[in-house]
Protein chains: 2
Amino acid sequence: MKPAISIRDVAILAEVSVGTVSNVLNRPDVVAAATRERVLAAIDELGYVRNEPARQLRSGTARTIGLVVPDVGNPFFTDVARGVEAAASEAGHAVILCNSDESVERERGHVELLASQRVHGVLITPVQAGPVPLRQLQDRGISVVLVDHPTAEENRCSVAVDDRHGGELAVTHLLAEGCSRIVMVTGPPGIHQAAERHRGARDAVRLAGRPPEVLEELTAPALNVACGLRAGEQLLARAVLPDAVFCANDLLALGLLQATVRAGVRVPEDLAIVGYDDIDFAAAAAVPLTSVRQPRHEIGRTAAALLIAESQSPDEHVHRHVVFTPELVVRESSRRPREARKRSG
Amino acid sequence: MKPAISIRDVAILAEVSVGTVSNVLNRPDVVAAATRERVLAAIDELGYVRNEPARQLRSGTARTIGLVVPDVGNPFFTDVARGVEAAASEAGHAVILCNSDESVERERGHVELLASQRVHGVLITPVQAGPVPLRQLQDRGISVVLVDHPTAEENRCSVAVDDRHGGELAVTHLLAEGCSRIVMVTGPPGIHQAAERHRGARDAVRLAGRPPEVLEELTAPALNVACGLRAGEQLLARAVLPDAVFCANDLLALGLLQATVRAGVRVPEDLAIVGYDDIDFAAAAAVPLTSVRQPRHEIGRTAAALLIAESQSPDEHVHRHVVFTPELVVRESSRRPREARKRSG
DNA sequence: TCGCCGAGATGAACCGATTCAAACCAGAGG
DNA sequence: CCTCTGGTTTGAATCGGTTCATCTCGGCGA
């Protein structure tokens, strides 16, 4: 390893002062063309790369933003992350992606890390509902945008999707397809998104003038494929199968789909299935999955844009709460043939 | 935003010098217990959080390592990332996860970013085979470990999987199941892993004493679900279907599985399918997918451990090349019934 | 009583950039 | 010839930590 090369080495080689080199890097217009060329040549020759931590220390502004998601294994969040990345890199920011793996503990650790790194801002989808311990960040002037978190707090921006409406869309569709014994697979009570979707599902039943018994709830311990499988097995163990299942996300739905198809249940003839998120695997499932689409990329992009806007004019920034409207994508897994409709409808 | 609180504020409140506060933080044993308590109390009261960039500037050592993967959407890499995270956080390091999205351009950008951040080390799965432009990093004493990259370069550590052997396992299995017209779906020529798997597949044919025509190659433009779908459609358009397909990764296999099952092809009776990676979705597919398992978590963990070991004793560090051996996991998608074997065998 | 010792605390120098008031300089105008 | 002006360049101060040579002081042995 050669001795590190600093802005001083560049200055010496180009026969200018360090201030001038800094100007070439940050305000190229104020330095004379000839000088600029000489400095750039020196930078090139030495292979100089700016020491970002030092820059940050002096200037006080970081070029990185943090993104904390509860599950990187869920394609929904990787797509959100892609959107964040796109908007951030346009603004010259890098993204530190942190995975809290549904653990409040780990989430706290990541927030602490980002605070000590003095990142420019943080986007976070909190693991649990309710106020998040983000004082560490905001005490340091690090702005925070909540992503996909239903509780709109007054003191920060947020981006979310109308999950209640999404749940309503899904169940309204199932009722229209003639289903009358619907099970909704939700997640643990802490997960707000799932709770909202469930609320929307109940709305749909009420609005259709059907008795509440039409919709039953089944709680899964987590929103992943393994739990979907288990939920499917639980349903199969029953004497009577429902005629439709609405899952709180696609991972659950894919697991449940596998369990039921493998057991010989015909989807959608015997059992209609609807998921949520419309991840790419949903369309590619054995029986293409009906799902409620969220604009994943757009969610990430918007969240990052809000963050950047806020930090550019922190004083008279008005916090905004952007809510996207989800959209039902009907595929084979819930298209019931005429006789099935008659039979149960 | 309150004025930022620095180590100096802590020192004043605790009535000690800044040097002592720093000692409490970094060498708690050299400071007297009473003083230590007083300082810790002050830190707590003020909510002080260390300014990591400043620390890094002076001490020269960062607490972050970079991980560059070609596709965060691929569960294989998110599992590798989890392994990296586990080992890194044990050693007190944070991970910056970068997604190059199969683009050499973006990969270069990320490497540049990590160099300017002066990270502690970088783990990278290069998009393309061949020497990677990492001088930027190594000039600055940033050690690099190649992950899942077959070309073992002398000047750094690497972690890989014996992909050739994996390919051989897969095709040997298919031959044993009685398949005799096998198509291997590979990726673009730049992707070394896929090429190695293909080579292993040819080995298997040769070792079984079968003519090379038994194995045919089909190139997909990328290793994702969409391309798998397209590859499946291409096969379906043929006059004669092969009796087995070996895909360079599970995403391709899942796409192909969907295309063929949807078209009424029976898997495995008419067509056996084998994937590669054994991602969680593989077991959860409509027809559970036979796949070649790689120790994903272990790969990440080992790579991070090598990196940390190297940076702890950079002088007399001996570069290691760890190669894991893959393992065939047989599931339903390739278990051919007796008659099928006879028919084609 | 004196000197020495070592544990503990101190504070100034330093890391590599940015910033900004001041210096510089060439040419125009008086 | 001198002054003024505006575009360039300079260099020292600074950011918030870490490090280390130096200092303090109570105790102990001579």
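Two residues are in contact here if their C-beta atoms, placed from the backbone, lie within 7 Å. Keep in mind that this is a predicted model.

**Exercise 1.** Work out how many residues of chain B are in contact with chain A, and where on chain B they sit.

*Solution.* Start with the count: 42 residues of chain B touch 42 residues of chain A. Next, look for elements of chain B that give two or more residues to this side: helices 4, 5, 6, 10, 11 and 12, plus strand 2. Helix 4 of chain B has the largest share, with 5 residues. Finally, sort by class: 22 nonpolar, 12 polar and 8 charged residues on the chain B side.

**Exercise 2.** Describe how helix 4 of chain A packs against helix 4 of chain B.

*Solution.* Two packed helices are described by the angle between their axes and the distance between the axes. For this pair, the axes come within 8 Å and cross at roughly 125 degrees. Angles from 65 to 115 degrees count as roughly perpendicular and those over 145 as roughly antiparallel, so the two helices 4 are oblique to each other. The crossing is left-handed. Pro53, Ala54, Gln56 and Leu57 make the contact, from chain A and from chain B.

Notes
Residues are numbered from 1 along each chain as its sequence is written. Chains are lettered from A and ligands numbered from 1 in the order in which they are written. This is a predicted model: local features need pLDDT of at least 70, side-chain atom pairs count only at pLDDT 80 or more; totals for chains, interfaces and linings use all residues. Helices (H or I, at least four residues) and strands (E, at least two) are DSSP runs, numbered from the N terminus. Ala, Val, Leu, Ile, Met, Phe, Trp, Tyr, Cys and Pro count as nonpolar, Asp, Glu, Lys and Arg as charged, and the others, Gly among them, as polar. Axes are lines fitted to C-alpha atoms, for helices over the stretch in contact, and angles run from 0 to 180 degrees between N-to-C directions. Angles under 35 degrees count as roughly parallel, over 145 as roughly antiparallel, 65 to 115 as roughly perpendicular and the rest as oblique. A crossing is left-handed if the near helix is turned anticlockwise from the far one by less than a right angle, and right-handed if clockwise.
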